[in-house]
Amino acid sequence: MMKVTRSTTAPAPALGAPKTRKAKTTGAQRRAVFLFVAPFGVLFLAFYAVPIIFAVVQSLLTVERKGTFGPPRQVFGGFVQYQQVFQNTEFWESVGRVLLFGAVQVPVMLGLALLFALLLDSPLLRGKKFFRLAFFAPYAVPGVIAAIMWGFLYSPSLSPFDAVTSEVNFLSAELVLWAIANIVTWVYVGYNMLIIYSSLLAIPTEIYEAARLDGASNLQIAWRIKIPLVVPAIILTGVFSIIGTLQLLAEPQTLRSFSSAISSTFTPNLAVYTTASVPNYNLAAAFSVVLALATFVLSFVFLKATQRKVSQ
Amino acid sequence: MSAATATAAKSASAPGAANPRGPRHSIMSRSAAMLIMGVFTLYFLTPIWWLLVSSTKTGGQITGTAPLWFTLESVPTFLANLGNLFTYSDGVFGRWLLNSALYAGLGALLGTVIAAMCGYALAKYEFRGREAIFNIVLSGVLVPATALALPLFLIFSEVKLTNTLWAVFLPSLVSPFGVYLARIYAAASVPTELLEAARLDGSSEVRTFFTVSTRLMAPALVTIFLFQFVAIWNNFFLPLIMLRDQVLFPVTLGLYAWNSQISQIPELRVLVIVGALVSILPLIGTFLALQRFWSSGLGAGSVK
Amino acid sequence: MRAHYGKATAAFAIVSALALAGCSGGGGASETEASATSCEPASGPVELTFTTWVPGMDKVVDLWNKENENIKVKVQTGPNGNSGTYQNFFNQLQAGNAPDVGQIEYDALPNFRVQDGLENIAACEGVADAQDKFVDWTWGQVTFGEEGAVYAVPQDSGPMAMFYRADLFKEAGIEVPTTWDEYAAAAEQIKARGSYITNFPRSDVNWFAGNVWQAGGQWFSSANDQWEVNLTGDESAKVANYWQDLLGKGQVSTLPSFSDEWNASFNTGQQWTWVSAVWGASTLASGAPDTAGKWAVAPMPQWEDGGKAAGNWGGSSTAVLKGSKHPYEASKFALWLNTDPEALALANELGGLYPAAKSATDLDAFAGGVDYFGGQKIYEVFAEASSNVDPNFTWGPTMTQTYTDVSDGFGKAAGGNGTLLDALENGEKKTIDSLKSQSIPVKE
């Protein structure tokens, strides 16, 4: 038993049992499979597949009305909404903004997480358990509440660090994006650190001993052995970070109470929400579809690109 | 017996006396490492410390007194703030906490069972369409939940179910990532022989799953539960767009609503701060207590 | 086992039902006519929901609930209209579960009207007759000038006047300006003394609109079943160029309105005047307590010598939202809320509202002198201003968006990039685009 379960964390799984013994599938088993899969299948259809189809349908409709106060009526409009999406400069500015955000914040966050994980895994540190807990604690703070807390900390008049905030306005138009980046980093570094750290722990120590016999230093071991071996973990965290970045909503929306520099279309999701509230649901649906597609493609490409690199 | 204890044991042995990971290290690099970690400890903990200290102050004291230290009347002020928090607007804050517990707690619990069953079937049974289902689930992982919030809202509008518990609860049950993890864990931790033995004993498939397999998958299930719990707890768009009635809000949306009214009702500032503290302390506690499940489970997700 | 299959089938049926509902489209847009429908009382007790952001409104509603056993009103509070409550309203209208009664500012009413979000309550008991009880221009705002239509009950208004530091003007020997020319001259003198005549509120586009309103301009009009957008007419350009000039000379500050720094600059005598609405009196009193007794109120500076025109900034109505099952009770409540003397007095005391009801002038709260203004009977000035507000000013159907677009440009202009007029031109273009994207007929 021990051997089997250990393999969940070991990079080279040595399964105790042959994995696919072709047993004849009986009727009872088929029924079992149905029972096991059906609940998820139904929910997935209802709350994943149908909404996606529905969004696509909505995005192909457009509104018609007559006169200054004529009631709205939905008719088929083809790709009218998508034309709007591509002409909408605010939306693409918001996409550019979160891409810039992601290009800076994701590497910084993952870099820090990797650094902390390596330090935790190195013999240099005392009180590892404490650091692990301290760094992970912010992950328990939901985005909305983290944004409220940091909003107070950034505020020129309420901040305990008013010596700093009265000089540098973190909530100004120039800095507010990075103020948000800081909040996201604060929440998620510890979590990503744990992911990387746990895959470092899964590396058999024999590998290091061999390297040491060859005269490798700690730094070299970290660089040549540890980092390459945790790349899959970093890819996983990278994908989730990219998805998270494109979805930014709670933090900027909450910070709007603290800063007038966050426009109603600051991030793509805010643009969706704002457009839906105009209300222009058809255009908002088109935004949603484009956004979901972009996220899907981006994380898929990232996954494929990095996987190829790793396997080479 | 579990992956979690295996890794935990390993990490405990790492800094031990007979350190297998290398010779002694210079004081320089030791201090550098401690310095980096020390500075970042301040970075991670100061905001939470500030929240704790501020919740023991009155509205005026938040700006008027030393920001990172307590006042002489901290304890009574804190109690008074707590009292206000739970009585303001007919004690709606208590409702919010309950709602969050319901959405995230019960939602994650049910969602985990559902995901585990599906993942288990995908891992341990041969059937037609298995790969297709798994691929659909995988693409589901990459579709952001927030992109679904608006269409879900429009659909729930059609069936007149917005502004109900169900509007937030039901969509939260679906976790493609949970299925993905469950499949990996089930493949690794449930030996096929065991299932065959159970079949020979005449145990039904469903019974075997609930009595034998779930026990073997237990650490993995905790991980899936935690993942989904966080995802639901953090989901802001869905309740924001679905719910109108304050009584149905989860605590995050409730605090957001209060926070956006501070300019009109300044006394809410204190309540927002105390409320934020009250809502995260139990979470931090639980998270830290269950931390070993995070590490072990997450590692597995990335290795495969 | 069979039972399980049954359940699964049922579940699939629900899913397909959902899918069908989804594909049928429709989007919940009803095609009711604009005409007033009948408005009958319900047979039994009724519970209404009322969404507002005026502080203390729950206490006012308590008064109503004490006297009306059969029409209970539940208050829900939200953020300021444009900061979230309107977004919620639109989503709830789509979902068919909007509150029965909601607070909507005059400038947002056309937006709700275009989206078919307002009940026409003209047929409800007492509503049509209430016209005489309200200041004329506010009534024009809630009827859009249509015959046989009332879409909301006026709640409060924001007639504008000029708050000024009587002590500083006297000390410096500067005449209190009565025209905009004098105001500009005073700005120069005050700047020479190291202070500002006022702060230009770059994000309060509705303040700017209030000034255009005073100057006799119109941003929106509708004729021949289509909208006409004109943010850059002669009057708008005149106002824009006027403030652009003061901005260019650095004679006005550009602090974010209502921020702590903004309060501080009033509290420390940095600002000598504030051309603002009646509700600004309580804003000043709470934001600049150290200057109590030193302020006074005069009519807005005029474009023409001896003129009397006034603008308006802000003000809300109480609307019955589409889909309410009880328009009769809802409009009864809305009328009470905005005409009952006790309710008006309490709403003023707790929420600082200046009622749109004509009877307001009889209330004690508006009759006496105000200590903060050295005992001046300031509400007489505002009552006079209120009667001089042009009743025909029309708001557009997408004001939230127009405000956002223009304030982006104003922010740039305040920072030295482009001019206020540029911002208005850009705002006009974007507003037209936005109308077109919603298929709202607009003249190009």
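**View 1. The crossing of helices α13(B) and α14(B) is left-handed.** A crossing is called left-handed if the near helix is turned anticlockwise from the far one by less than a right angle. Helices here are DSSP runs of H or I with at least four residues, and strands are runs of E with at least two, numbered from the N terminus. The model is predicted: local features need pLDDT of at least 70, side-chain atom pairs count only at pLDDT 80 or more, and totals for chains, interfaces and linings use all residues. Residues are numbered from 1 along each chain as its sequence is written, and chains are lettered from A in the order in which they are written.

**View 2. α13 (251-259) and α14 (268-289) of chain B pack with their axes 9 Å apart.** Their angle is about 160°, where axes are lines fitted to C-alpha atoms over the stretch in contact and angles run from 0 to 180 degrees between N-to-C directions. α13(B) is therefore roughly antiparallel to α14(B) (an angle over 145 degrees). Residues of α13(B) in the contact include Leu255(B) and Trp258(B), and those of α14(B) include Leu271(B) and Ala276(B); two residues are in contact if their C-beta atoms, placed from the backbone, lie within 7 Å.

**View 3. Chain C meets chain B through 18 residues of chain C and 15 of chain B.** On the chain C side, α1 (2-23), β2 (71-77) and α3 (85-95) each supply at least two residues. The largest share, five residues, comes from α3(C).

**View 4. Ile196(A) has several partners in chain A.** Not counting residues up to four places away in sequence, Ile196(A) touches Ala113(A), Leu114(A), Ala117(A), Val230(A), Ala233(A) and Ile234(A).

How values were computed:
Parallel < 35°, antiparallel > 145°, perpendicular 65-115°, else oblique.
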